[in-house]
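I opened the notebook to record what I looked up in this structure. The entries follow in the order I made them.

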Amino acid sequence: DFHHRIPQELYQRANSMFIKVILLSILGGICTPIGGDKRNKFPLGSHANPPFEFADCLYRYFSCSDDHTYGKWPMNSRICYRDYQFCLAEAKWNQGVISHNGVTITYPLENPTYNTEISTIGHYLFNFAFHERICSYKKENLSCGPFGNIHIIFVFFGRVEGNDCPTILPSEFSHKSCEVENAFEYVYKRCDGKKKCSISPKELDPKHCKGMYPYLEMKYTCSGFERPSVSSSGGYNSSFNFGAVVDQDISTSYSTNIQTQPWIQLGFSYNFEVQQVLVFANKDPDYVHISTIEVQLTNGQVINRPPFYESTNNCIKNAPWDLTFQCNSYTENNGLIIYSTDNGAMSIKEVTIIIENPFKDDVNTGDGGSSVEMPNQNTEKNIYVIIDKACAKDQISLSCYNYGGNVIVIEFITGRTKGMCNSEMPIIECSKTFNEMLPSCMDYQACLPTYDRTFMSIVNKMNRESDCNRVNYYEFHYACDGLPQPQITASSVDNGFSLDFLFYEDHSPDSYYSSKKEDSPWIHLVFGQHLAVQGVQFTLTYVKDPEALFQNIEVRVGKHNVTSSSEIEGNPICGRYNGPPYPDQKHVVITCGMNGEFVVGKHMTIQKLGYGVLQIRDIVVLLKPEVALSYVYR
């Protein structure tokens, strides 16, 4: 009990939270090796029950994730973090709260209900699971359908910079990431053990993430999933059982015999749309190097012998040393093959498969749960969207060198046009839109998307199976995450409304900008740098007042700042919209001329001509690729 009593005594004597955290960091690294925990066994020494406060959980996490023992192994480090999340939730449940003279006092319960069982940690290992990310304005209905009850594996509530559910944060947030620690409690009580449940981030207290539009990310599995069947190229010897690959036990493994391209095949009882595959392999020098391991989806094929060739069914590895494979499958598959491109024996500890859930139901929500329709949910809070299009015979490059930051692909369109596709505005016969991740463009200032393996897989599939084959036309919509947020002013702002509603993610019915009734109301955007503007997309509001109809709108772009109505005509006209919109119309796009014309400028003014009210819910500025700027300056 030595490595428990010493840190506990030191911790009690520390007189500040800062000193306590430093002590826990040091003791976590020293005390766990003293305990001598093995890498295949969850460290009992770090598992003080019951937890009552944050420090209890922090100590458990430091000692569990120590590099000398358990946490050295990638799968184990994930288990440590999952236990840390459990611990934070349990600490909250094991606390009582009373108020005395206006002061809130938190105290440990005498008979705590929640104690982490060591056996639950092993439940992190699973064969199939669903991964969901629920944006702050959505509500999602989770279900396991015919596969039993929901079992929650992982929960994150917060925001990671550059992740999904994009939005523009107010300038006062210098850090773009945050996390709320008690989300697991909410999701676990709401969903775990149930056949279906309903989840909405709006029901959670954002705490220190307030104003940063946190989203909810979670993984869960179902009690009724059947284990995959397993076959292989042959075992290393008779002591190996290939069922170890799917036995949900990290301490067991299966090793193939020594051969060229050793392989293991998993067969599913159902057809699934596979999103991601996590492979946990032994790294000993006696086995093939993990950089040679690949994953390929199958659909009824029986594998007898190599060679295996890379195809559109191959999943994409995040990095040579990371056996996390992104599959982005658009068809259902009933199996997969794990193989090595090298000669030798391959040893696999466990395989986890993330699949698309066909039983979920997600909706955009405003106040009262009313639905809000968007043309493309991935672009709704990207203030700038760059549009580039080309014929399939031409090379297309997405670049953010001048605009700033890295490329973020929002969506891409592939289709067929009439003629030879020798016009920038061809007549499109058919097309399909995709919003899939393109790995070759992630975290890069420039990329060639048509050479991306995922993109080529989609095009090949369309040419092979779709009614829209013979693809000869591409269009990419993307953003540059380094573009500064525009500054915005207006001729007036009516009571109860805000200019912030034009950019920030809030979809309640009253979250839009409205001017006062006046003569020719306007708003003005300052970009901060020269942009090649080819148009603007507006999301409209529901209008009862005829004077607030979206009509007689004029957009100007140029180099002059605007502080009054008399200065607006100093910038050239980009485009006009006479209107009014149709009764059910939700979006209007005003373009700068025809055939890809654009106007370069640092300023944009949107004005309603004549007496009335200017009301707008959202604005997206449509840009030409930055190469258009070089043509102008040249």
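How many helices and strands does the secondary structure of the chain come to? I found eight helices and 37 strands; these are DSSP runs numbered from the N terminus, with at least four residues of H or I for a helix and at least two of E for a strand.

I noted that this is a predicted model, in which local features need pLDDT of at least 70 and side-chain atom pairs count only at pLDDT 80 or more, while totals for chains, interfaces and linings use all residues. Residues are numbered from 1 along each chain as its sequence is written, and side-chain values use heavy atoms, with hydrogens and water left out.

**Whole chain.** I looked up burial: 51% of the 634 residues count as buried (under 20% relative accessible area; exposed is over 50%, partly exposed in between; 1.4 Å probe, protein chains only). I then looked at contacts (heavy atoms within 4.5 Å). Among those with a separation of 6 or more, 77% join residues 24 or more positions apart.

**F412.** I found F412 in strand β23, residues 407-417. Is F412 buried or exposed? F412 has a relative accessible area of 1%, so it is buried. K432 is 20 residues from F412 in sequence and 8.5 Å from F412 in space, C-alpha to C-alpha.

**Disulfides.** How many disulfides does the count come to? I got seven, taking a disulfide as a pair of cysteine sulfur atoms within 2.5 Å. In one of them, the sulfur atoms of C144 and C222 are 2.0 Å apart. The torsion about their S-S bond is about -85°, so this disulfide is left-handed. C144 sits in the loop between β4 (138-143) and β5 (150-159), and C222 in strand β8 (residues 215-222), 78 residues apart. Both cysteines, C144 and C222, are buried.

I also looked up C191 and C197, joined by a disulfide with S to S 1.9 Å. Their S-S torsion is about 95°, so this disulfide is right-handed.
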